[in-house]
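Student: I am new to this structure and would like to go through it slowly, one question at a time. Could we look at it together?

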Amino acid sequence: ITDMQKLGRAQIAMGFKGLEETPGPRGVFVVRGLDRKALMACMGRLVGADPRVTIANGVVTVKPAPGENAAAFTFASGSTLVGVTTPTASPEELAAVLKEGAPLRDSPVFLELFAQIQTEGTLWFALNGSSRVFDKMSSLGFRPKAVTGSVDLANGFAGSARMRLESADSARNLVGLGQPQLAQVKAMKKALTRSVHTVEAD
């Protein structure tokens, strides 16, 4: 059994800014449920084999490859890893993140959104509407203030999403854009139903 196979099942939380930026988004990630000894053993074997990887005082730093961000991570406990990924990720940046803690816990807006999410699902997300990812939506007559949702893969596939808009007019614009697509889906459903009935009659 390799060390990587010993790592176990993990729970991952990520927060990113600049999803549209080059070389990539900047953010923080937290992974719970890892085996610290096994992962650090794997990283230790990379030192020397991969010149981008270094370890100092328990912090793993990975220098960026062309077109990618750098990364730095360490274990905050025996099974919880905390890391940063930015163009200049370093042990110093990581130390600042660890010192700051979890600022979103003090944000009333985030806590309100969080309360609406099915966080027990396989995956959940919350997107800030100020992100440039949503810039193109403005030309369509609406822009979300926030988008949240979740996906559950425990019994097949189930998912849900919410979009918070700036005004009632924005909501009406969105509904108006969706009506033609909804009509097409309904027409397709009727056509499939007729086909099934025809096969059963034959």
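Student: In what order do the three strands of the open sheet come?

Tutor: This is a predicted model, in which local features need pLDDT of at least 70, side-chain atom pairs count only at pLDDT 80 or more, and totals for chains, interfaces and linings use all residues. Residues are numbered from 1 along each chain as its sequence is written, and side-chain values use heavy atoms, with hydrogens and water left out. Strands here are DSSP runs (E, at least two residues; helices are H or I, at least four), numbered from the N terminus, and two of them pair if DSSP finds at least two bridges between them. The pairing in this open sheet is antiparallel, and the order is S7-S8-S9.

Student: Which strands stand at the edges of that sheet?

Tutor: An edge strand has a single partner strand, so one side of it is left without a neighbour in the sheet. That applies to strand S7 (123–128) and strand S9 (158–165).

Student: Over how many bridges do S8 and S9 pair?

Tutor: Strand S8 covers residues 144–152, and within this pairing Gly149 stands opposite Ala161 in S9. The two strands run in the antiparallel sense, and the number of bridges between them is eight.

Student: With which side chain does the side chain of Thr86 make a polar contact?

Tutor: Thr86 is found in strand S6 (residues 80–86), and it is buried, with a relative accessible area of 11%. A polar contact is a pair of N or O atoms within 3.5 Å; within protein, one must be able to donate a hydrogen and the other to accept it, and residues adjacent in sequence count only if both atoms are side-chain atoms. At 3.1 Å, the partner of Thr86 is the side chain of Glu93.

Student: Which residue caps the N-terminal end of H1?

Tutor: Helix H1 spans residues 36–46, and its buried residues include Leu39 and Met43; the buried residues of H1 pack against strands S3, S4, S5 and S6. At the N-terminal end, a side-chain oxygen lies 3.0 Å from the backbone nitrogen of Lys37, and the residue that provides this cap is Asp35.

Definitions and conventions:
Buried means under 20% relative accessible area, exposed over 50%, partly exposed in between (1.4 Å probe, protein chains only). Contact means heavy atoms within 4.5 Å.
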